[in-house]
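Thanks for passing this one along.

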Amino acid sequence: MFTCVPAESISEGGVRGCLCHRPEIQTLTRRIDAQLSRRGFVAGAGASIAALGLPGRARAQAATEPPRPIVFTNFLLFDGKPGGVREGLRLLVEGGRIKSVAAGGQPAPEGARTIDCGGRVVMPGLIDAHWHSVFAALPVSSLFAADVGYIFLAASAEAERTLMRGFTTVRDLGGPSFPLKQAIDEGIVLGPRIYPCGAMITTTGGHGDLRPLQDIPRSPGGPLSPMEETGGAMIADSADEVRLRVREQLLQGASQIKLVGGGGVSSPRTSLDMTTFSEPELRAGVESAADWNTYVAVHAYAPQTIQRAIAAGAQCIEHAHLMDELTAKLMADKDIWLSIQPFLGDEDTGVLTGQSRINQLQVFAGTDTAYALAKAHKIRTAFGSDLLFSSRLAARQGVMLTHLSRWYANAEILTMATATNGELLAMSGPRNPYPGKLGVIEENALADLLVVDGNPIEDIGLIAAPEKTLALIMKDGKIVKDTLTVPRP
């Protein structure tokens, strides 16, 4: 979606009839430049992340061969499922999985490490269903102008901060996050599990089309624009182009696909009432994803945009802040997922200008109604934060979760951000990069968990201050933060 500002074009001056100014030569040069730009971007991303080296904590874990089993004792358990907390249990983690959750008093396996939680609450790691790993923390000006190495170094630093906020998994809804995901999975940098969409797929003039006007008109089948070269967004203006772009993202490892059905807040040349892709174009994307046994999430705010996406077979709607009663009923009847963000005011987004400000105020005004409709119609609802372009805003990830207390009880909020979001991730089927259950603490689930100072079911505000309240963070069976056995400095 965002890219470095392209270099100045070659001037129109020169000797009349010079070979390098012939149209066919210029076209060839642009194609070569585009290929080199793409290769350079990907290579720069990988090199910049690799240059970080293996973090000390990750090195310490990797050096233990094989990892010792870990037994947690003396805790209250919130397992991600509806209900309260349970006590009197012993939790065994082994080989990156929850080995057992059983009544206490049983002996620990030989060689196991035992951690006394001191009566604290153990819960699953949090899941953010709408995150942008590369675009979360840097301002737009940096994303357009900075070197790719800087952009990915900043993204890797934000990935670690995301994990330290207790979000052990994110669903990335647009951006070139594939190199970052690989670096995290290989232990080069710390960060959450990433379920990547790759580039969001949009139309000419749709949300995410941030090309400078000199890149217009676009020639279908022609060279990619600099914006597209980054892998943040791809333009598609026909069903065939949609199929192509969907398959390209799946080829790179996308776990699900994002299609942009209408306008968006951060694209100043769009409005939220716009509907962009036609129904046949959306259906082409849905069918192409289904051929790979995964699903499409459609960015849509307005009722007509949501309804068109559902008619085309989409299984998940992103945002939907302007939906009406009829649309909510349709989503419930068709069992469509809603991935929505609790934006309440400027403190959640910063103050925008121009058309983006108009769009922003419409979202604020529609948030309460959208959540009320979702709850009344029992729509399957996922939590996401969609925080963009600011490290200060990105740090409010947990605060965004606490906003849900306007509509839900604390236990419902925690279930949504763990087990419910885990069910949404599982829709990726065989494209799931992390096979296994997430968002729950049960036998054979993936071992992502938090130990919380206090009971978040009683005080959801604890999630908003993770640096103080998260005593231990575990991802994939590895401890990445521990103040229980290693006291705070």
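1. A word on terms before the sheets: two strands count as paired if DSSP finds at least two bridges between them. Helices (H or I, at least four residues) and strands (E, at least two) are DSSP runs, numbered from the N terminus. This is a predicted model, in which local features need pLDDT of at least 70 and side-chain atom pairs count only at pLDDT 80 or more, while totals for chains, interfaces and linings use all residues. Residues are numbered from 1 along each chain as its sequence is written, and side-chain values use heavy atoms, with hydrogens and water left out.

2. Let me begin with the open sheet of four strands, whose order is E4-E3-E1-E5 and whose pairing is mixed. Strand E4 (97-103) and strand E5 (113-116) form its edges, each pairing on one side only. From one strand to the next the twist averages 20° (axes are lines fitted to C-alpha atoms, and angles run from 0 to 180 degrees between N-to-C directions). Inside this sheet, E1 (residues 70-73) and E3 (residues 89-94) run antiparallel and are joined by three bridges. Isoleucine 70 stands opposite valine 93 of E3.

3. For the chain as a whole, there are 16 helices and 19 strands. Of its 489 residues, 55% count as buried (under 20% relative accessible area; over 50% is exposed, and partly exposed lies in between, with a 1.4 Å probe and protein chains only). Taking contacts (heavy atoms within 4.5 Å) with a separation of 6 or more, 70% are between residues 24 or more positions apart.

4. What are the neighbours of E13 in the pairing? Strand E12 (residues 257-260) pairs with E13 in the parallel sense over four bridges, and the bridge partner of lysine 258 is alanine 297. Between E12 and E13 the chain passes through helix H8 (residues 279-291) in a right-handed β-α-β crossover (with the strands pointing away from the viewer, the path from the first strand over the helix to the second runs clockwise). E13 is also joined by four bridges to strand E14 (residues 316-319), running parallel, and histidine 299 stands opposite glutamate 318.

5. Is cysteine 197 buried or exposed? Cysteine 197 is found in the loop between strand E9 (193-196) and strand E10 (200-202), yet it counts as buried because its relative accessible area is 0%. Leaving aside neighbours within four places in sequence, its contacts include Asp172, Phe178, Gln249, Ile257 and Lys258. Lysine 258 lies 61 residues away along the chain, and the two C-alpha atoms are separated by 6.1 Å.

6. Finally, please check the hairpin of E18 and E19. Strand E18 (residues 470-475) pairs with E19 in the antiparallel sense over four bridges, and lysine 475 stands opposite lysine 478. Two residues lie between the strands, and aspartate 476 takes a positive phi near 60°. Strand E19 (residues 478-482) is mostly covered, with four of its five residues buried.
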